[in-house]
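Me: I would like to go through a few points of this structure, one at a time. Please keep the answers plain.

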Amino acid sequence: MALLFALIVIMVSTAMSLPPVIRIGAIFTEDQKDSPSELAFKYAVYKINKEKILLPNTTVVYDIQYVPKDDSFRTSKKACKQLSRSVQGIFGPADPLLGAHIQSICEALDVPHLEARVDFEPSFKEFSINLYPSQDHLNRAFRDLMSFLNWTKVAIIYEEDYGLFKLQDLVKSPPSPKTEMYIRQAGPGSYRQVLREIRHKEIYKLIIDTDPMYMPQFFRAILQLQMNDYRYHYMFTSFDIETFDLEDFKYNSVNMTAFRLVDTEEPSVAETLRQMERFQPVGHAILNRSGIIQAEPALVYDSVQVFAHGLAALDRSHILRPANLSCEREEPWDDGLSLYNYINSAGLQGLTGHIEFNEGKRTNFKLDLLKLKKEELVKVGEWKLGSGVNISDVGAFYETTATNITLVVMTREEKPYVMVREDKNLTGNARFEGFCIDLLKWIAGQVGFQYAIRLVPDHMYGVYDPETKEWNGIVRELMEKRADLAVASMTINYARESVIDFTKPFMNLGIGILFKVPSSQPTRLFSFMNPLAVEIWLYVLAAYMLVSFTLFVMARFSPYEWNNPHPCMGETDLVENQFTISNSFWFITGTFLRQGSGLNPKATSTRIVGGIWWFFTLIIISSYTANLAAFLTVERMITPIENAADLAEQTDIPYGTLEGGSTMTFFRDSKIAIYQKMWRYMESKQPSVFVSDYEEGVKRVLEGNYAFLMESTMLDYAVQRDCNLTQIGGLLDSKGYGIATPKGSPWRDKISLAILELQEKGVIQILYDKWWKNTGDVCNRDEKSKESKANALGVENIGGVFVVLLCGLALAILVAILEFCWNSKKNAQSDRSLCAEMASEFCFAIRCGSRQRPASKLRATSSSGPVVGCSRCSSSSMRRSRYCPASHQTSSSIAAVGHEETTYVPSIEIPWLNGRPSQQQQQQQICRNTPTHTHHTHCHSHSHSLSHSHKRQQQQQPPPKQRRASSGIGLAQGGDHPESILWRFDCDLAGEPDVVISPAPAPPPPPPPPSASVSRTTTL
């Protein structure tokens, strides 16, 4: 039983194992016979069979066929012959055209095809396992390196006809849209001619895709044309740069860069190469007698290892049955797909690094970046598919060690960037000083070069002339290679960048407007009106007129503004309104000036008008007072222009730029309408508004009536040294100063890194402070805020008070209308309707000439009613009435044209000299106690002497233009010359009394008193 079980196990293991002999086929071109690639293939098969690690029970046998390089028919025949001998896989050939034919045969018969060649077709191919990296991945690696090195002008030299197909993706998608590509095909016989053309076109970056076999001829052409200095950089597409003889290029700073697949620094790779080298007699031949294996032999070696790993994986789970295949019948191999899948999923570490496949194409591989540095090739970085290029040694591309290279530096004299010392004994670079000179010293120390400074002959920075289609100034010097660098206040712009290169900007700036400091505003006679805008003054005037007229109308409509002019007379037919046109304007004027007027509104509507007007005046006066203080304390300047828009809209003040500079180019090429308008003005203005240098522009500004458009850094330098200069408005654009180099110069990137380092360390800011602020001639001006100027208050500031005023007026008008309607209804009589009463009141109200009106009957008291007492009409006073005729009327017409005058006679308590009152005083007492009538009547005295005296006064009227005395009250004294004191009041009750001492008229003879008697009468 045990014997039977062992037999079954042996049979199963035998059924699951691989055949004892696995046959593989290999096709090499005739020129590859006994080549390192063929020897590497044989050595790989030998090592697998010897070690018995991957295939312990199987022996691999190879069948090698040699074919012509350009004969695809014979190559197909040889492949079909190998398939008929039951090969389980075909290797090669390396030629791209022949490999495509073999791959189609293997695809038809389901036989794995292992390749190590360049594949131009990115599409998936069945049964193809290619260890050579995909060309689109290689082009991406080249593109990433060019982007890192910032190549903008590149020449591509290819040798084979299919070389252009290899780099077509790189040509179609350059690293930058501005990158210029110059593509030429060249062979051993045309290397010199093509390189000469490239040198003539001043291209210093080259991508070389030639056969490594002809590389010595190519290097010889480089040396013959002297294209081996620091300016040139060669990038080789070959992975075998380590096998090249670079002895002639190790000491002249030429740049040579390439990728490699075999990392000889890897321990496993180094051990495999040592074993391969010890394998005699073919070991030295495989390693090319240099200890370094080429990429193609390494890929062939790895392809055999991949095939063996696939067989080992299939051995664990599948049965492999070899079959003799025929190209005529095209019957596929049943186990070919399984073997292909196992090979495609294989993963191992080979001579060319990590090996992994995705649909038969290699993925997740790594490329080492090599560069000729310090007399040898060293690894300076690597490239991976996911992360791109990673530079581990930046110094390899930007050398910092000092060299003996002397660069010609072109510059232009311009304060404070470059200035020539006045000392005549100085020579060379010592003759110059300034910001750019100090910056150049720092950069030269960082990068490592010597320099010689030269001044540009035409004293121009460089501008393109559309008519002659030529550049001038520094730009032309760089284009014609008469200078290596240009260090000056040179602006980076598109036009210059298209013909020369610029480093990173070392200073940022923009275009500003330089103008002379405006003079102070002269004192004006009516400057007190400045705190309010003109429209506010007009609005205040309009409000003054509106409120005054509204008050007048409201007072005439409101019944509560019509009052009895004689309050002590209880009955009257006349009422009076104090708000005439003049009084209304006087009341509004007095309250506006905060002085009062003596008039007080009584009705609700007029009080509302007054209250709103007081609120209005409170806000206006407060705002005026507050802003007046600002206008009196802040110095205001007369600035005719505030910005570029103001400058463009006028022609009185000319303006210009530096001739031949970037500022002039900015206005000339601008697409903004306002800048185009300014350029047309500057171009057509006569005499010319352009200046030859900044000093001339500053001088014209100081002379007055000229604005200079200049770069902000130079503007700051001028403003800080002359207090009569100032900047108007902000910056018109944003740009930077950079160091210019010829197109493709290798110094650009090195200097850019140095500039970034100096900026981070603060060195450039220190140099700026040194030449702008710490020179000792800085103007010490009082820095005033640009916003300190007081502005007139406008409608947007105090317009709300006008709204409040209008709302108050509207409310007052509404209240006046209600009062008017209510009074009309109250005074309407039974024989008149309410509408008639309102019409009557309205007609009288619109009569603007009358101050008095008839009193309402409902408010008048009866003629026989008692008199309502007041403080002036007490029991000890008396009231009398008389007419005051016009001064030009005769005594006979007094009653017709005169007006009635009411006289109040207060009692005066005088001690009786005789112990009893006089007869005149008794008569006055009787008059006081007697009821009187005020309407067209006289207060007739009960004493004969009083009425007689009154009649006599009317008969003795004074002449015109003289005051007429009222009734006389005599004061009689004892003695021979009695005198009377007479107080007189004019007909105008508002006038001041006149006191006159005159002889009294002869009174009626009184009874003889025992002593002197006193009699006194007062008239108001």
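Me: Why does Glu-711 count as buried?
Reply: This is a predicted model, where local features need pLDDT of at least 70, side-chain atom pairs count only at pLDDT 80 or more, and totals for chains, interfaces and linings use all residues. Residues are numbered from 1 along each chain as its sequence is written, and side-chain values use heavy atoms, with hydrogens and water left out. Buried means under 20% relative accessible area, exposed over 50%, and partly exposed in between (1.4 Å probe, protein chains only). Glu-711 therefore counts as buried, its relative accessibility being 3%.

Me: In which strand is Glu-711 found?
Reply: Strands (E, at least two residues) and helices (H or I, at least four) are DSSP runs, numbered from the N terminus. Glu-711 belongs to the run of residues 707–711, which is strand β31.

Me: Where is the place of Thr-491?
Reply: UniProt, in an unreviewed entry, lists Thr-491 under "binding site", together with Arg-496, Ser-662, Thr-663 and Glu-711. Such positions are given in the numbering used here, feature names are shortened, and annotations may be inferred rather than shown by experiment. Thr-491 lies in the loop between β24 (485–486) and α16 (494–497).

Me: Which residues does Thr-491 touch, not counting residues up to four places away in sequence?
Reply: Thr-491 counts as buried because its relative accessibility is 1%. Contact means heavy atoms within 4.5 Å. With residues up to four places away in sequence not counted, Thr-491 touches Arg-496, Phe-502, Ser-662, Glu-711, Lys-735, Gly-736 and Tyr-737.
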